Amino acid sequence: MTDALQGLNLVTLLKRLDAATTRLEDITIFQESIIQREQPFPSEILNNSESQSVQQGSSRLDSSASDFTETRIEAEKPSITAYEKLYSDHVAPFLALSKELDETLGKQVQFFANAFQEQLKLLKAVVRSRKVEITESTFLEAVKPTNTLLQEVFAIKDDNRRSEFFDNLNSVAEGAPVLGWLYVNTPVSYIPEYKDAASFWTNKVLKKFRDTDSRQVEWVKQFLGIFDALRDYAKEYHTTGASWDANGIEFKEALKSSGSPTNAPLASTSAPVAGGPPPPPPPPPSDVFQTDDSKGKKPQGMGAVFADLNKGEAITSGLRKVDKSEMVHKNPELRQSNVVPASKEKPGKPQPPKKPSGLSTKKPARKELQDNKWLVENYDGEQEIVIEGEMQQSVFISKCDNSTITIRGKVAAVSLTQCSKVGLVVDSLVSGIDVIKSRGFGVQVLGNVPTITIDQSDNGQVYLGAESLGTEIYASSTTSLNINVPDEDGDFREMAAPEQFKHTVAGGNLQTTVVEHVG
């Protein structure tokens, strides 16, 4: 302790003596815990003169009082207190319920909860230090513990795909990256995005257990409540990103103090028993600067993927050039032996690699409801895609092939984009249907649809019912479009939409007419 800091502590203690005598008791208890954590007094020191003992005790009292004052000052910061309350009111009950439901789920949520605790340490450093860029090495090292815990969350989900609680595991894995809100400038809009991503899986949990297990319903309610509470917290204290202290200390120094055991309010401790020594202190938290390599644990699942991606250009350092003599397709005799002979000489000039047949990979198909929007994507060869829609909902269909989609009920609007050989059947719509950049599509209207807009599409068929003969159809940059209407016998009569137009200038104005072929 410096002389200036000791002087400040003495003034603070004098003021507290006038305020309440109970504060001295708190300082004494805190002093005893400090003494237990430090090296114990040797027996010869206890036998020294009374003046020397008083001097040492006074020094330790000043030191402990200083730590106690600093701890209370930090704990009294509104943003830190609110975050601790968020954890105790939302995260802690969610963790307890998860452990009650399933051991594996409880283990995953424990990592999720630990990530909140690591973020609390980071928040304590942020509110006491001057701003640093998130690309600086010091900040990147500070967020490593949180990232490591999130990788464990992903790994548990990947390793338990056959679990009965896989939907729960997926819900947590999809929502866990919400802790990245501290690194963006718009956290209030960032947090709901991950709530929506998690809701896809929580809806499956509700569908599966709504009528059989009320604890699962409560689990979903508590989990989604974390996102709402975190959004409200960010809106109040970190509206435009992390709230740094312009007059604070260096970020690196703030990190060291925020990682100390005295600044970990979320750790569970027990009160000392009257008449006996205080319990031993809890083990110190892991070093915030500890890297994954020091743990000696090889990452698995998504953790292994992130670890390889972090290598950058060094990801291919472990590969070697395969000699032609080791290629089975060039040496059929190697198929009869499990041993590949070593290369005897250095291979010649390598041949240029062949261009891959496809650079894009097929994304998994999904059908999910996000707020009031149905998303149907990446289906191929699926003929029974059914959506039960409501009037305030809209449907967006994209990148589907050789599939049939049926929309039951009256919805607001439907959009069909970048699809090939897709059949769409709708009842009634409030607005209309948009078809964009699609080929070989078919649209059948059973009820009433005000408008159908078709843009940059080819080879389309539109089937109108008896109630939709007044539908307005707008087509642009579209070829081979046929419109089918019912006749008196109930059969459909096909009519081709014109593709050729004649443009003339008359009286300074452009006049356009459809080209008709007669004969």
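Biologist: What should I keep in mind about confidence in the chain?

Modeller: This is a predicted model, and the chain averages a pLDDT of 77, with 68% of the residues scoring at least 70. Where pLDDT is low, the predicted coordinates should not be read in detail.

Biologist: Thanks! And what does the secondary structure of the chain come to?

Modeller: The chain has twelve helices and 16 strands. Of its 519 residues, 34% count as buried. Among the contacts with a separation of 6 or more, 41% link residues 24 or more positions apart.

Biologist: Why are H5 and H10 called roughly antiparallel?

Modeller: The axes of helix H5 (residues 78–101) and helix H10 (residues 214–237) cross at roughly 165°. Angles over 145 degrees count as roughly antiparallel, and therefore H5 and H10 get that name. Their axes come within 10 Å, and the crossing is left-handed.

Biologist: What makes up the contact of H5 with H10, by residue class?

Modeller: The residues of that contact divide into 16 nonpolar, six polar and three charged.

Biologist: How do you know whether Ser79 is buried or exposed?

Modeller: The relative accessibility of Ser79 is 10%. Buried means under 20%, so Ser79 counts as buried. Ser79 sits in helix H5. Leaving out residues up to four places away in sequence, Ser79 touches Val127, Tyr233, Tyr237 and His238.

Biologist: What makes helix H8 (residues 166–175) "mostly covered"?

Modeller: Nine of the ten residues of H8 are buried, each with under 20% relative accessible area. They are Phe166, Asp167, Asn168, Leu169, Asn170, Ser171, Val172, Ala173 and Gly175.

Biologist: Which helices are included in what covers the buried residues of H8?

Modeller: The cover includes H5, helix H6 (103–126), helix H7 (137–159), helix H9 (187–209) and H10. So the pair we discussed turns up again: H5 and H10, roughly antiparallel to each other, are both included in the cover of H8.

Conventions. Residues are numbered from 1 along each chain as its sequence is written. This is a predicted model: local features need pLDDT of at least 70, side-chain atom pairs count only at pLDDT 80 or more; totals for chains, interfaces and linings use all residues. Side-chain values use heavy atoms; hydrogens and water are left out. Axes are lines fitted to C-alpha atoms, for helices over the stretch in contact, and angles run from 0 to 180 degrees between N-to-C directions. Helices (H or I, at least four residues) and strands (E, at least two) are DSSP runs, numbered from the N terminus. Angles under 35 degrees count as roughly parallel, over 145 as roughly antiparallel, 65 to 115 as roughly perpendicular and the rest as oblique. A crossing is left-handed if the near helix is turned anticlockwise from the far one by less than a right angle, and right-handed if clockwise. Ala, Val, Leu, Ile, Met, Phe, Trp, Tyr, Cys and Pro count as nonpolar, Asp, Glu, Lys and Arg as charged, and the others, Gly among them, as polar. pLDDT is the predictor's confidence in each residue, from 0 to 100. Buried means under 20% relative accessible area, exposed over 50%, partly exposed in between (1.4 Å probe, protein chains only). Contact means heavy atoms within 4.5 Å.
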